[in-house]
Amino acid sequence: MAPSWEERASKKRESILASIPSEWRLPQPLPSPEAQKAVAGSYVQQFLSAREIEITESDAVTITENTTAGRWKATEVVTAFCHRAALAHQLTNCLHEIFFDQAIEHAKQLDATFAASNGPIGPLHGLPVSFKDQFHIKGVETTMGYVGWIDTFEGVTGTGKEKEVDSELVREVKALGAVPFCKTSLPHTVMSGITWNNIVGFTLNPHNRLLSCGGSSGGEGALIGMRGSPIGFGTDIGGSIRIPSAFNGLYGIRPSFGRFPYAGVANSMPGQNTIPSVCGPLATSLGSLKLMVQAVLSQKPWLHDPAVVELPWRDELYMPQPADGSKLTFGIFPTDGFTNPQPPIRRALEMVQEVIIAMGHEVVEWQPPSHQEATQLALEVFTADAGIDIWHHIGLSGEPLAKSIAQFYGKEPGTPKTVDKMWDFNLRLRQYQKKYTDYWTSTATMTKSGRPVDAILTPVTPMPAYRFDGSVPIGYTPWVNALDYTSAVFPVTKVDKNIDTFDDKYQPLNEADKKVWEEYDPELAHGTPVGLQLVGRRLQEEKILGLVELISTSLATKEKTV
């Protein structure tokens with residue numbers, strides 16, 4: 001008799017834990033989230049040596065400066081992150097695949113190559129890199145959160161590809177000297193802002209385990225937020241890099257489609273390219289993002305993935321100060337007009353606006369075409385096949401579909417859009433993109449410089465992190481995907497229950513806004529990271545990273561002087 005989905009999920013879950021060496025197992029029973037809300041920082045440090053703390057709390061830039069110079073051995077670095085990742089998984093359920101032995105052996109080979117006077121393999125020599133479990137890595141399974149994908153290649157048996165394929169981005173990162181060492185959790189289907197699946201359950205926020213780490217690249221957010229990885233790759237079709245970055249106090253970038261290779265990455269609705277998914281890095285520092293973007297582009301990914309634009313790194317765009325000495329202009333978009341941000345998000349916006357003005361730059365009110373229209377367009381294309389693809393993969397095992405996802409895809413497959421309806425949709429999407437482009441260009445008439453706005457500052461979500469049983473408003477992120485803009489997330493502050501008090505006099509805009517307002521609990525959210533996103537036009541990755549560095553540096557300087 002074939003095993004049930006519960007048995008298959010349980011076996012997989014147990015195999016993940018069994019991959020953790022016994023000496024890295026935490027004492028049982030583990031503290032509950034109520035008893036130990038935050039497990040990042042000092043809590044996890046008690047299980048690490050001083051040397052492991054030094055290594056794992058270094059960013060990718062510091063790590064590679066030491067490994068490429070031979071001061072740090074790749075084996076020591078990779079082993080330290082394997083240990084911390086093992087601790088992170090036990091406390092947050094953030095891993096899907098653990099291949100520490102394979103990674104440490106890879107690191108030993110790098111050390112041997114270096115010792116043979118061949119020097120570093122590349123600019124990422126010895127750098128541990130984690131990947132969301134959509135990326136294929138040789139020797140490792142990919143389930144993408146589906147029970148039915150266990151022991152298969154994307155749900156199909158007998159392909160000969162099982163554990164034999166590297167996604168293109170993985171191949172390039174390896175060629176640069178980096179060491180993949182684990183794959184991280186995600187919601188099955190990847191179409192959710194909360195990371196949960198029937199294999200590992202909920203993935204928790206390491207800064208506040210009573211709240212979500214976000215999604216769908218939630219495992220990456222939790223792992224890197226706990227310093228179990230210095231940098232990793234997620235994907236983003238509606239906010240899936242940006243939401244986990246904001247919730248876990250990280251830097252992350254959603255590049256425009258065609259800047260990074262997506263070839264060989266598993267996905268839901270894989271032929272859907274009207275609003276395509278993109279991949280991008282999440283990291284503990286802005287410098288780490290810059291390092292990774294530059295490194296990947298140095299591999300000329302357009303030679304291997306036909307969807308990638310031939311666009312090398314442009315240093316001149318990373319220096320965003322205009323050559324004529326004029327000031328920058330930032331559009332401020334504090335609310336989408338449907339669900340207003342909670343007090344911590346409002347305070348973060350005020351903080352960033354203040355440093356922009358203090359630097360002498362200009363801010364203007366951003367009044368674009370409706371973002372609700374963009375969100376509706378995105379949801380329309382994401383459900384265009386009426387759930388046929390998702391229900392097929394759910395049906396491979398008979399597992400239940402997450403309730404948060406079922407609200408969009410029903411209880412069974414429906415009738416997909418016909419080709420003529422999709423053509424009509426494409427026209428409506430292009431019309432929206434043209435309307436938004438025209439608005440952005442028109443802002444040249446309202447700026448002192450006479451140039452259009454340089455970037456838009458806006459929330460990622462209305463709250464610092466989602467509650468597991470609460471609302472999941474997503475209106476602040478899909479508009480970026482619908483327009484295929486560049487967006488980078490950066491940490492600003494943390495929730496302070498003494499400052500970010502509940503606004504009992506607030507008048508909600510509607511029922512959805514009322515729910516968001518009522519769900520805010522300063523005591524519950526205290527200590528949770530608060531991040532914002534900075535949005536630029538298409539293919540402006542260098543410019544947006546440069547602007548984030550400008551803002552983040554000013555924020556850090558202001559904090560030191562307070």
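## Backbone features

A helix here is a DSSP run of H or I with at least four residues, a strand is a run of E with at least two, and both are numbered from the N terminus. The model is predicted. In these terms, S216 lies in the loop between β7 (208-212) and α8 (218-225). The peptide bond that joins G215 to S216 is cis, with omega at about 5°. A cis peptide bond also joins Q28 and P29, where omega is about -5°. P29 belongs to the loop between α1 (5-18) and α2 (42-45).

D151, a residue other than glycine, has phi near 65°. D151 is found in the loop between β2 (128-132) and α7 (168-175). The relative accessibility of D151 is 59%, above the 50% cut-off, so D151 counts as exposed. K163, likewise not a glycine, has a phi of about 60°. The loop between β2 and α7 also holds K163. With a relative accessible area of 45%, K163 is partly exposed.

A pair of aromatic rings is described by the distance of the centres and the angle of the planes. The structure contains 20 aromatic pairs. In one of them, the ring centres of W366 and Y439 are 4.8 Å apart and the planes stand at 75°; an angle over 60 degrees makes a pair edge-to-face, so this pair is classed in that way. W366 sits in the loop between β12 (362-365) and α13 (371-382), while Y439 belongs to helix α16 (residues 419-442), so their contact ties together parts that are 73 residues apart in sequence.

What geometry do the rings of Y436 and W479 adopt? Their pair is stacked, with 5.9 Å from centre to centre and 25° between the planes. Y436 lies in helix α16 and W479 in helix α17 (residues 478-483), so this pair ties together parts that are 43 residues apart in sequence. Y436 counts as buried at 0% relative accessibility, and W479 counts as buried at 0% relative accessibility. W366, Y432, Y436, Y439, W440, W479 and Y485 form one aromatic cluster, and the two pairs described above fall within that cluster.

## A charge over a ring

K290 provides a contact between a charged group and an aromatic face. K290 lies over the face of Y318, at 4.1 Å from the ring centre.

## Nonpolar cores

The largest nonpolar core has 104 residues, and within this core F100, F233 and F490 touch the most other members. Which element gives the most to the core? Helix α5 (residues 74-92) does, with 11 residues. The core draws at least three residues from domain 1 (5-21 + 44-263 + 277-303) and at least three from domain 2 (317-560).

A second, separate core has 41 residues, among them L429, Y436, Y485 and V535. Two of these, Y436 and Y485, also take part in the aromatic cluster with W366 and Y439.

## Pocket and cavities

Rolling a probe the size of a water molecule over the atoms shows where empty space is left. The largest pocket holds about 1000 Å³ of space. Its lining has 43 residues, and those closest to the centre of the pocket are S404, Q407, F408, V472 and I474. Helices α13, α15 (403-409) and α18 (511-519) each supply at least two residues of the lining. The largest share of that lining, 7 residues, comes from α13.

How many cavities of 30 Å³ or more are there? The count comes to 7. About 90 Å³ of space lies in the largest cavity. L211, Q342, M463, P464, A465, R467, E519, Y520, D521, L524 and A525 line the largest cavity.

Methods: Residues are numbered from 1 along each chain as its sequence is written. This is a predicted model: local features need pLDDT of at least 70, side-chain atom pairs count only at pLDDT 80 or more; totals for chains, interfaces and linings use all residues. Side-chain values use heavy atoms; hydrogens and water are left out. Rings of Phe, Tyr and Trp (its six-membered ring) pair if their centres lie within 6.5 Å; planes under 30 degrees apart count as stacked, over 60 as edge-to-face and the rest as tilted. Buried means under 20% relative accessible area, exposed over 50%, partly exposed in between (1.4 Å probe, protein chains only). A charge sits over a ring if NZ of Lys or CZ of Arg is within 6 Å of the ring centre and within 35 degrees of the ring normal. A nonpolar core is a set of buried Ala, Val, Leu, Ile, Met, Phe, Trp, Tyr and Cys residues joined through side-chain atoms within 4.5 Å. Domain bounds come from an automatic or database domain assignment. On a 1 Å grid over the protein atoms alone, a cavity is a set of points where a 1.4 Å probe fits but cannot get out, and a pocket is an open set with protein on both sides within 12 Å along at least five of seven lines; lining residues have an atom within 4 Å of a point. Grid points are joined across faces, edges and corners, and a volume is the space filled by probe spheres set on the points.
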